[in-house]
Every structure is written in structure tokens, then in C-alpha cells.
Amino acid sequence: MRRADRLFRITQELSAERYITAESLAARLEVSVRTIYRDIDALSASGIPIEAVAGSGYRLSKGFRVPPLMFNEEELTALMLGMRMVQGWCDTALAEAASSALGKVVAVVPERIRPVLSHEALLVPDFHIPAEVRQQVARLRKAIAQQRKIEIAYRRRDGVHSDRVIWPLGLFYWGSVWTLAAWCELREGFRQFRVDRIESLQMANGRYPQLSGRTLKDYLISVDEEAD
């Protein structure tokens, strides 16, 4: 990380109401505590009002605000493309959140580069994601966030139907379909389910625990091992 970027990150971290220690800053930025001390001194010398309390740490003086973050054209293009992807491929709630975020970005960027946000050369087609799949994605996001078990009626590729109780762990978009990674109680192992083949789902009673060997991290490790 460049020093200029690190200094900006420090001012962002210090803009919270609470104090933060040099040790915490060093851990977050992956530098030494000595480096944080030098950076704090440099920021103070440049006129940034930093309060220091022994035993508590640092924070920006009340009333001081970090200037709005500016973006260059490439950064704006990346943000715009990412937001269009969310609008085109995700559920309604996330699509609306992307639109709201885009409005906030427009409010802070200079007038001269705002046309980048309306650039039409980078397109994200959305017609291949059916409305019912978007709705299922929204429900699955909620189940994952709440660690809720779900009961699903699933249709396999060969047309066979099955009922499962699963622990939803993560959603993956592969450019054409959404898939759900989950722990399957029936198979006692990780399974992937295409969201467009989930014919119905409902929340089951109870939440699933964070058990070693059954987490999203464990699933990703198992995928890497299979790939090797």
C-alpha cells in the first residue's frame, strides 16, 4: 500500500466517534506500530486535528470531516459496471441499493467526469435472470444472513425431484446461473444447488450452528482440493 493511500485510510479510521489504538491501526493496515506513530505525526504536522488520549488511542477532533473521496475515470467506470451487474443479476433489494449508491457517487464526483457514469459501451444484459430466480436469491440471502436452515423441493438435472433440509452457506453467480452452496443434511455433505431448479423453499425451524467442517470456508477448501 502506498503511503498516501495509508494516510488516507488512517484518517478514515480516525473519523469514527470512538478512539482507536495504534496497535489496532497497525493490525488493520498490516504495518508496524512504529509506522503508525510516524504516520500520525505526519498527519498532525499537515494540519489534521488528531486527539490522542493515553490508554484509549486516537481520533479526529469533533467537527472535523474528511473531504469526500474523489474518483478518477477508471475507478468510476469500475464502480458503474459493478453497480450495473448488481442491478441486472441480483434481487430487487440489492438492485435498489445499487441505484441508491450510484446516486451518492454522482453527488460527490466533479461535474466534468460525471458523463462516465452514463457511458453505454459497457453493457450488462439482465433478461436471462427470471424474476422468480431473483426472488429466490433474496430469500436465500436472508437465510444465509440469519443462519437459518431451509427446506427445499429440488429438481435435479435428470428431472428427479427430492426434498432436502440444507444449511445455506453462500451464493455464486457463474455468468448464466446462480448456484447455492450448502450443507445437506440428507447427504451429510456439501452440495451445490442451482437456484433455478429450487421449485419451492421455506425456512425450517431453528438456526444451524457454525460447526467446524461445515462452514463456507470449509466448502471453499473442499472445492480447491477437488480442483487439485
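Which elements do the buried residues of α1 pack against? In this predicted model, they pack against α2, α3, β1 (50–53) and β2. The buried set in α1 consists of Arg6, Leu7, Ile10, Thr11, Glu13 and Leu14. Seen down the axis of α1, these residues fall within an arc of 160 degrees, so they line one face of the helix. The length of α1 was also checked. Its twelve residues should span 16 Å at 1.5 Å a residue, and the end C-alpha atoms are 16 Å apart, which agrees.

Helix α2 (residues 22–29) has its own buried residues: Ala22, Leu25, Ala26 and Leu29. Viewed along the axis of α2, they fall within an arc of 100 degrees, so they too line one face of the helix. An α-helix has 3.6 residues a turn, so residues three or four places apart point the same way. The cover over the buried residues of α2 includes α1 (3–14), α3 (33–45) and β2 (57–60). After α2 comes glutamate 30, with a positive phi near 60 degrees.

Nonpolar cores were examined next. The largest holds 21 residues. Within this core, Leu140, Ile150, Ile152, Ile166 and Trp178 touch the most other members. At least two core residues come from each of α6 (131–146), β3 (148–155), β4 (161–173), β5 (178–184) and β7. A second, separate core has 15 residues, among them Leu7, Ala26, Ile50 and Tyr58. Of these, Leu7 is one of the buried residues of α1, and Ala26 is one of those of α2.

Leaving aside residues up to four places away in sequence, leucine 140 touches Ile150, Leu171, Leu180, Val195, Ile198 and Leu201.

Aspartate 196 lies in the loop between β6 (189–194) and β7 (198–207). Its relative accessibility is 32%, so aspartate 196 counts as partly exposed. The side chain of aspartate 196 makes a polar contact of 2.6 Å with the side chain of arginine 194. Beyond residues up to four places away in sequence, aspartate 196 touches Val133, Arg155 and Val177. Glutamine 136 is 60 residues from aspartate 196 along the chain, and the C-alpha atoms of the two are separated by 8.4 Å.

Note on methods. Residues are numbered from 1 along each chain as its sequence is written. This is a predicted model: local features need pLDDT of at least 70, side-chain atom pairs count only at pLDDT 80 or more; totals for chains, interfaces and linings use all residues. Side-chain values use heavy atoms; hydrogens and water are left out. Buried means under 20% relative accessible area, exposed over 50%, partly exposed in between (1.4 Å probe, protein chains only). Helices (H or I, at least four residues) and strands (E, at least two) are DSSP runs, numbered from the N terminus. The arc is that of the directions from the helix axis to the C-beta atoms. Contact means heavy atoms within 4.5 Å. A polar contact is a pair of N or O atoms within 3.5 Å; within protein, one must be able to donate a hydrogen and the other to accept it, and residues adjacent in sequence count only if both atoms are side-chain atoms. A nonpolar core is a set of buried Ala, Val, Leu, Ile, Met, Phe, Trp, Tyr and Cys residues joined through side-chain atoms within 4.5 Å. The expected span of a helix is 1.5 Å times one less than its number of residues.
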